[in-house]
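Q: Hi, could you walk me through this structure? I'd like to ask a few quick things as we go.

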Protein chains: 2
Amino acid sequence: MSAITSETSLVQEFLAPLAVAEPGAFGLLDDCAALTPRPGMDWVVKTDPVIAGVHFFPNDKPGDIGWKALAVNVSDLAAKGAIPRAYLLALSFPTAPEREWMSAFAEGLRAAQTAFGCHLVGGDTDKSTGPLSIGVTVFGEVPTGRMVRRATARVGDIVYVSGSIGDSALGLHARTNGFARKFWPIDTEERAYLNLRYLRPVPRLELRQALLAHASAAMDISDGLAKDLERMASASGVAAHVRLADVPLSSGAAKIVASIAEWQTKVVTGGDDYEILCAVPPSRAAGFERDAVASKMRVTAIGTFAAGAGLSIVDPSGAVVVLDRTGWDHFG
Amino acid sequence: MSAITSETSLVQEFLAPLAVAEPGAFGLLDDCAALTPRPGMDWVVKTDPVIAGVHFFPNDKPGDIGWKALAVNVSDLAAKGAIPRAYLLALSFPTAPEREWMSAFAEGLRAAQTAFGCHLVGGDTDKSTGPLSIGVTVFGEVPTGRMVRRATARVGDIVYVSGSIGDSALGLHARTNGFARKFWPIDTEERAYLNLRYLRPVPRLELRQALLAHASAAMDISDGLAKDLERMASASGVAAHVRLADVPLSSGAAKIVASIAEWQTKVVTGGDDYEILCAVPPSRAAGFERDAVASKMRVTAIGTFAAGAGLSIVDPSGAVVVLDRTGWDHFG
């Protein structure tokens, strides 16, 4: 094991190979990158840092940390109907990283950027007194003026979600809770799947065409389905109603929810789903579902947007579900 | 004093007012911003976080912290010949900030974005176990393909710097060193100027036309003149020679350098200058100086680029100056 001894070595040896395919990155030899969307396209941009102890465990595998740092940002692009193109990386280390750690971290980034179709174009490295912090800024392309927005859900729209909800929160819980690991009624494969959903989320990029063609609003779910839907409804000036029984679950999550009462609601508040939440007008629902099927991504209608304000969730008996909290608010 | 109790309040009350003039910011109600350079222009992008205890003091005035966080990033754009247009802001707090702190911080950002001509377009807020961290990503425009690069200095080019060197390092030193405050042979105004240069650096945006028209390479000086010139020379595959006596100093810095031997060299390694370092071919020097004068920005020729590698600095006697270190390397 040996620590990295200069910023130049860290950047040129481990990061510059991730930037070779993008001429505007100038081989990471410049302070800045030059980036221009293709004619007829807008950049969609987003920055979302991940921090050890907040968004991942400091002893997570470096490859998983690298993957997740990029994936959670690309997930935002996916919800906007954008094609990922490039990212900046601002790394702040508590101590100079070991070469082995940095090499595995860069491999996780490489796997993610290959899977998502984007390239590193620049960034910055620092040492600080804080935990490891990874600040990613992503750039994606949408046709000019076509970014799918969050604040544009309309009364009557159907609430859809992609994939399945709650897996990542369950995967996280199982990592830190011995009871869950021992007694949850799931098999080894289901357990591994929940863990993978936490460690290596996969942005739902395949929904791009369906969103651009049919959705009136969309966002990715990172702070809990309930919290994020509340935000979409509030930003759009409408209310949202959800049928808890319709929230899609993976097979492992479904077994846990069926046997452990508290998880019936915790799946919708757990966060880290990186699924897409969207609003689709009823007239567009069939087309949206058809395009989603064509992209091999499951989408599920779970409720409706209505006049009014706030979020209400009903259980199969029609009773309103009361949540302790709706999700993650760092200052709540 | 009262702490902020939700991310929505933090964003909508304190930050959204900084985003009203940019339609692509969507009032900070979206997860993403849509940003497109004007026709015929490239985006120049850069991210450079500042962290309490590394880049500023935790008890600095929040308005100064906000100013500096944006200024150090815009300084990179200035060196590239770019016009600042927009920025993203990723805030990570150790505890929820007080309303008074946040209000003053936002005022510092407002003063800076007004001075530099750009607008907030998006970002993210978190709490972490680390110190306050402010991650800014800036977007500036240059005519397509015209970004002034770092790795393109050529043999024979003249080394120029803008403004004066070492002020900020002196201002920082005086803050933490009682001897300096008491015995440095400078007057109150000079002392205040050095302090201001540390707290409120001003990116040299006025040099844009001169750089675009005449410079073969440029970068901003953030980690020390010696360190950054070494990097430019190395990236360009050339050597750099500097005459220490020609390095421009403010009146306060000149008095200190004249009376305290160690500062003769520390001015070129201290960092935080946020001046522009550039390479100008001899045939362009007169035009560069004329355009700089027209922009009211002092520029000074301090040396030359030559065949070979590395940086050498000579004192007035012609002797080579030996530096303890050339500047800041977070992993050196």
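Q: Let's start with Cys278(B): how far is its sulfur from the closest cysteine sulfur?
A: The sulfur of Cys278(B) is 15 Å from the one in Cys32(A), its closest cysteine sulfur, which is too far for a bond. A disulfide here is a pair of cysteine sulfur atoms within 2.5 Å.

Q: Before I go on, what sort of model is this?
A: This is a predicted model, where local features need pLDDT of at least 70 and side-chain atom pairs count only at pLDDT 80 or more, while totals for chains, interfaces and linings use all residues. Residues are numbered from 1 along each chain as its sequence is written, chains are lettered from A and ligands numbered from 1 in the order in which they are written, and side-chain values use heavy atoms, leaving out hydrogens and water.

Q: Thanks! Is Cys278(B) buried or exposed?
A: Cys278(B) has 1% relative accessibility, so it counts as buried. The cut-offs are under 20% relative accessible area for buried, over 50% for exposed, and partly exposed in between, using a 1.4 Å probe and protein chains only.

Q: How many disulfides are there over all chains?
A: The structure holds 0 disulfides over all chains. Cys32(B), for one, is in no disulfide, and the nearest cysteine sulfur is that of Cys118(A), 13 Å away. Cys32(B) counts as buried too, at 2% relative accessibility.

Q: New topic, the sheet in chain A. What's the strand order?
A: The order is E8-E10-E7-E11-E9-E12 in an open sheet of 6 strands with mixed pairing. Strands (E, at least two residues) and helices (H or I, at least four) are DSSP runs numbered from the N terminus, and two strands pair if DSSP finds at least two bridges between them.

Q: Which strands are at the edges?
A: Strand E8 (217-221) and strand E12 (310-314) of chain A; each has a single partner strand, so one side of each is left without a neighbour in the sheet. From one strand to the next, the twist averages 25°.

Q: And how do E7 and E11 of chain A pair?
A: E7 (residues 158-162) and E11 (residues 299-306) of chain A are antiparallel, over 5 bridges. Val161(A) stands opposite Thr300(A) in E11(A).

Q: Which strands does helix H2 of chain A touch?
A: H2 (residues 62-79) of chain A packs on the sheet, touching E8 and strand E10 (275-280), and its direction makes about 165° with that of E8(A). Contact means heavy atoms within 4.5 Å; axes are lines fitted to C-alpha atoms, for helices over the stretch in contact, and angles run from 0 to 180 degrees between N-to-C directions.

Q: Over to chain B: at what angle do H4 and H6 pack?
A: H4 (residues 167-176) and H6 (residues 188-199) of chain B pack at about 105°, with their axes 7 Å apart. H4(B) and H6(B) are therefore roughly perpendicular, a label for angles of 65 to 115 degrees, with under 35 roughly parallel, over 145 roughly antiparallel and the rest oblique.

Q: Last one: what's the phi of Tyr274(B)?
A: Tyr274(B) has a positive phi of about 55°, although it is not a glycine. Most residues other than glycine have a negative phi. Tyr274(B) lies in the loop between helix H10 (263-266) and strand E10 (275-280) of chain B, and counts as buried at 8% relative accessibility.
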